[in-house]
Amino acid sequence: MIKRVMMGLVIAGSSIGIVTAAAQAPTKSTNDGVYTAAQADRGKKTFGDKCTACHEPSRFSGETFHESWDNKALKEIWDVASGTMPEDNPGSLKQNEYADIIAYFLSLNEYPAGDAELQPNASAMAAIKVEKKK
């Protein structure tokens with residue numbers, strides 16, 4: 001009896017692990033219009049106000065951007081931006097400001113804008129994979 005219960009727990013645990021892994025896999029691409037043009041415009045302004053003292057926009061576009069982020073979830077960019085920036089006060093921007101800046105990066109790379117804003121949270125970012133522009 002105990003063996004059956006243990007076996008059931010192992011199987012259930014394995015199934016939960018598979019479902020969790022599947023839920024964490026990106027379901028959208030940066031080619032799917034995952035931000036709005038208005039959001040990218042706000043991100044451009046925020047980037048100009050809060051980031052250009054240390055960063056040039058060119059650092060977040062073209063081959064430089066793709067070498068770092070292709071085939072990764074946007075969550076990786078989110079984690080770096082929201083966890084380490086600005087360097088003098090990490091995590092001090094509002095969550096929507098980080099999302100707006102990431103939308104700006106997507107617009108710099110000429111990804112299409114869509115009808116819905118990029119949501120300002122890690123789980124939304126985890127659902128989107130960075131892919132080369134189609």
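## Basis of the model

The structure is a predicted model in which local features need pLDDT of at least 70 and side-chain atom pairs count only at pLDDT 80 or more, whereas totals for chains, interfaces and linings use all residues. Residues are numbered from 1 along each chain as its sequence is written, and side-chain values use heavy atoms, with hydrogens and water left out.

## Overall fold

The chain contains six helices and two strands, arranged along the sequence in the pattern α-β-α-α-α-α-α-β. These elements are DSSP runs numbered from the N terminus: helices are H or I runs of at least four residues, and strands are E runs of at least two.

Of the 134 residues of the chain, 34% count as buried. Buried means under 20% relative accessible area, exposed means over 50%, and partly exposed lies in between (1.4 Å probe, protein chains only). The chain exposes about 8100 Å², of which carbon and sulfur atoms supply 56%; accessible areas come from the Shrake-Rupley method with a 1.4 Å probe, and for residues only the protein chains shown count as cover. Among contacts (heavy atoms within 4.5 Å) between residues at least 6 apart in sequence, 75% join residues at least 24 apart.

## Nonpolar core

In soluble globular proteins, nonpolar side chains tend to be buried together. A nonpolar core is defined here as a set of buried Ala, Val, Leu, Ile, Met, Phe, Trp, Tyr and Cys residues joined through side-chain atoms within 4.5 Å. The largest such core has 26 residues, and those touching the most other members are Tyr 35, Leu 74, Ile 77, Phe 105 and Leu 118. Two or more residues each come from helix 2 (37-50), helix 3 (62-69), helix 4 (74-84) and helix 5 (95-108). Helix 5 gives the most, with eight residues.

Leu 118 illustrates the packing. Leaving aside residues up to four places away in sequence, Leu 118 touches Val 34, Tyr 35, Gln 39, Leu 74, Ala 99, Ile 102, Ala 103, Met 125 and Ile 128.

## Salt bridges

Side chains of opposite charge can pair when their charged atoms come close. The structure holds six salt bridges, each being a side-chain nitrogen of Lys or Arg within 4 Å of a carboxyl oxygen of Asp or Glu. One of them joins Asp 100 and Arg 42, with the closest N and O atoms 3.0 Å apart. Asp 100 lies in helix 5 and Arg 42 in helix 2, so this pair ties together parts that are 58 residues apart in sequence. Asp 100 is buried, at 3% relative accessible area, while Arg 42 is partly exposed at 35%.

Glu 97 and Lys 50 form another salt bridge, their closest N and O atoms being 4.0 Å apart. This pair also links helix 5, which holds Glu 97, with helix 2, which holds Lys 50, across 47 residues. Glu 97 is buried at 16% relative accessibility, and Lys 50 is partly exposed at 43%. Salt bridges that share partners join Arg 42, Asp 100 and Glu 117 into one network. Within helix 2, Lys 45 and Asp 49 are four residues apart, about one helical turn, and their side chains meet in a salt bridge at 2.8 Å, N to O. Lys 45 is exposed at 55%, as is Asp 49 at 54%.

Thr 52 is placed in the loop between helix 2 and helix 3 and is partly exposed, at 38% relative accessibility. The side chain of Thr 52 reaches the backbone oxygen of Gly 48 at 2.9 Å.

Key:
A polar contact is a pair of N or O atoms within 3.5 Å; within protein, one must be able to donate a hydrogen and the other to accept it, and residues adjacent in sequence count only if both atoms are side-chain atoms.
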